[in-house]
Every structure is written in structure tokens, then in C-alpha cells.
Amino acid sequence: MQLTSLELTDYRSYPQLTLAFELGITVLVGKNGQGKTNIVEAVWYLATLSSHRVPHDAALVHRGASTAIVRAGFQRAGRPLQVDLEITPGRSNRARLQGQNVSRLRDLLGEVRAVLFAPEDLGLVKADPEGRRRFLDELLFVIAPRYAAVKADYDRVLKQRSNLLKQMRSMRRGSSGRSVGGLDPAEAASSTLTVWDQQLARHGADLLRARLHLVNRLRPHVGYSYLRVASDEGAEESLALPPDQRPEVNSPADVAYRSAVLDELGALPGTLPTTAEIHDVMLRMLGQRHDDEIDRGVTLVGPHRDDLEIRLHDFPAKGYASHGESWSLALALRLGSYDLLRLEEGDLGDGEPILILDDVFSELDVHRRERLGRIVKGASQVLITTANDSDIPASLHGDMHLVDVRLGEAVPRPRSAGSAW
């Protein structure tokens, strides 16, 4: 798909911005703090309904305004696609698709397909599991949007179950309370907990299996991408084949989905148990952990505690990989996602995602910079932000569209005769 136009109103540093985009590589150039990332963040928000920089929407609205508006035009499967979004902190955001109101915001998921790599992605390798779970879910929702509803249902049940556990912990530490209507409060809470167990296992099994299936499909692309960006083999033409034509390769990089439920089930790497098998094991484990959960006031079993394990040379990357290797692994995760989305285009077709590189080149050494440049050069549409022209690798010199970004405005740069750009 292709981004053709973007209009921002009271979004971050832009009271008003209108910008046209073309196929190929567009580079947004400007000093730090001028608003380059704000532009690509708006595109990413349309794809994922979240920012890659902040957890809450308040920071997205221009100072003094109450609502930010993002309007974007795309071409997908030969047809125009218009997506409009109103972001109002403290209230429900509203969206329109092809000019029609969208009843549920998550119905936008899957319409805009993008892959973004940013300096924050180093946390995918070095930080806590929460970021890796979010990475999986964002990719899952783009490929199969229905799982956004499954995740929402799971989170709702998890919150209510955890609140009940805290109440039961208070009961256990204090008095049992008076009988009401002949029912002992502790017995009533225990009965309610069993009901929440069943609902958590139902939604959790569906989500866990979808994540596992996703990781099984993503795994070869991650290994392949790591070779392309991290080693001398990355320059070989044999590693530049499209995703559907690649042979199996031996890569030092690997990923796997880790879950206590799968361990209990005895699932072998690369296999995919049924939803019913996962449900039954999860339900049994929940029942077995009741005492521990009540003592701690938290839910100890379920996909909210799972992790995407990233390994290098068969060692856990976290704590083992060097800084440069960690960057290559983070890049491999995003490039592998890009390749998987190219293969799994979705119901509308024309699913090749927009590739976004947000201030990446300044973080990479010259060799990784050049390799990444060669990799992304063949993408249909790439959006790049950089503070300096000099950070753009020579492998990208040629037919690029440069946009100069200054606070509050973005102006396409005219091509000069004989310019390398």
C-alpha cells in the first residue's frame, strides 16, 4: 500500500500541516526537536492505534488544543483509502473510514499496514517482556484484526479477576466477615473466582495460540533478516531474494514463544497445540495456583506473563548480545515483520506495508547502515527521519524525495541538477 497524503491539525508541534507523499524513499530532514518523528508517529498511530513514544494520548495534542486530527490518504489494491482520526484525551477517540463513521476504533486495525523501527526498539532485546508482548500483539492485530477484540476481552477479565484476588487477600488477612443471606463471603468469592478462571482460560487460550502461531511464522524471517544486517553474508545477493523464494538458512538468531502453559503442556518448538489443549491446561494451572495468587493478589497464569525469547548463538540475547548485536536483533525483528506482512497481505490484498525508519541511521555503525540501506531500497515506500543528510547511507543515494522539517512546517526540497539526492 502507499501513503499519498497526510494532514495534521493540532497534532503535537503542528497546528496545521498538509504533506503529499510519493512511492519510493522519502527522507524527512531536520534538527532534533523540529517535528520529524511527529509526522511518522501519526502514520504509525493509524496502523496500531498507539504511539511508539508515549503511552497516553495527551502528549499527542498541540498545546492549548483539546483535539488532534489526523487525516491520511492511501492507495491499496488499486483503490483509494481515506482514514480520519480524532484524538481527544479523556474521551473516546473517533474515526472515519472512507468518510463513514467507525463504530469501534479497533475496526481500523488492518486497514493501514506499516512497520516502524525506532531507537526505542532496542528495548525489544534489552528490556522487560511487556514490550515484546506489545510487539507481537501489534503485528498480530495488523494481520488478524479480530484478535484485538480477544485481547480486549482478556484484559477485561484479567483486571476483574485480579481485583477479586486482592479482595480475597484482604479477607484472608483479616476477618472472614459476616454471613450475608446465608452465604459466607470467602465461599462466595471462591465461587466467583472459579467463574473468572473459566473466562480467563477461554480468552487466554485463544490469544496464546494466536501469538504462538505468529511466532512460528515469523521465526524464519527473523533469522534471515539478522544475517542480512549483521554479518558479511548480509551483502550476498543470495540473501536478497523475496520472502516467498528464500531457502532455509542457518542463522545465529532465533526467537521462540515462552509460556508456562506451553511448558506444562509439553509443546515442542515449532508445534501448535489446539486451542482446547491450551485451554484445559491453563484452567488446571489457574486452579492449582489459587493459594499463591490470593497471597500475592495477582494472576500468575496466562499470556500476560508470557515472553518472546530472543536468542543469539543459542544464548539468551538479553545479557549476552553486545550493543551492536542487540541493534541487529532489533532490526531483524522489524524486518522479519515486514517480510511476513508482505506474504500475508490480508483480505484486501496489496498488503506490502509502509516501512518507517525513525532516526535509525544515526544509531548504527557504517556497515549496518549500508546493509540496511540496501535492504530497504527495494521497498515500495519508505519513510525515513534523520537529523543530518550525512547519516543517509550511500546505498540510498539517488532517487529520493527529501523534505526539510522545521518547527511547524515540512517543505519538500527541490532537486538540484547533479545532486546525489
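Buried means under 20% relative accessible area, exposed means over 50%, and partly exposed is in between, with a 1.4 Å probe and protein chains only. Helices are DSSP runs of H or I with at least four residues, strands are runs of E with at least two, and both are numbered from the N terminus.

A word on the source. This is a predicted model, where local features need pLDDT of at least 70, side-chain atom pairs count only at pLDDT 80 or more, and totals for chains, interfaces and linings use all residues. Residues are numbered from 1 along each chain as its sequence is written, and side-chain values use heavy atoms, with hydrogens and water left out.

What covers its buried residues?

Next, the cavities. A search of the whole structure finds two of 30 Å³ or more. A cavity is a set of points on a 1 Å grid, over the protein atoms alone, where a 1.4 Å probe fits but cannot get out; lining residues have an atom within 4 Å of a point. Points are joined across faces, edges and corners, and the volume is the space filled by probe spheres set on them.

The largest cavity has a volume of about 80 Å³. Its lining includes Trp44, Phe135, Glu138 and Arg334. Which helix gives the most to this lining? That is α3, with four residues. The lining of the largest cavity divides into eight nonpolar, two polar and two charged residues. Here Ala, Val, Leu, Ile, Met, Phe, Trp, Tyr, Cys and Pro count as nonpolar, Asp, Glu, Lys and Arg as charged, and the others, Gly among them, as polar.

The second largest cavity has a volume of about 40 Å³. Ile69, Arg71, Asp84, Leu85, Glu86, Arg94, Ala95 and Arg96 line it. Strands β4 (68–76), β5 (79–87) and β6 (94–97) each give two or more residues to that lining. By type, the lining of the second largest cavity has three nonpolar, no polar and five charged residues.

Six strands form an open sheet, in the order β2-β1-β4-β5-β6-β7, with antiparallel pairing. Strands β2 (14–20) and β7 (100–101) stand at the edges with a single partner strand each, so one side of each has no neighbour in the sheet. Two strands pair if DSSP finds at least two bridges between them.

Look at β1, residues 2–11. Seven bridges join β1 to β4, and six join β1 to β2. Leu8 stands opposite Val70 in β4. In β2, the bridge partner of Leu8 is Leu17. The hairpin of β1 and β2 has two residues between the strands, and Arg12 takes a positive phi near 50°.

Last stop: Asn93, in the loop between β5 and β6. Is Asn93 buried or exposed? Asn93 counts as buried, because its relative accessibility is 16%. Its side chain makes a polar contact with the side chain of Tyr45, at 3.3 Å. A polar contact is a pair of N or O atoms within 3.5 Å; within protein, one must be able to donate a hydrogen and the other to accept it, and residues adjacent in sequence count only if both atoms are side-chain atoms. A polar atom of the Asn93 side chain also lies 2.9 Å from the backbone nitrogen of Thr88.

Terms used
On a 1 Å grid over the protein atoms alone, a cavity is a set of points where a 1.4 Å probe fits but cannot get out, and a pocket is an open set with protein on both sides within 12 Å along at least five of seven lines; lining residues have an atom within 4 Å of a point.
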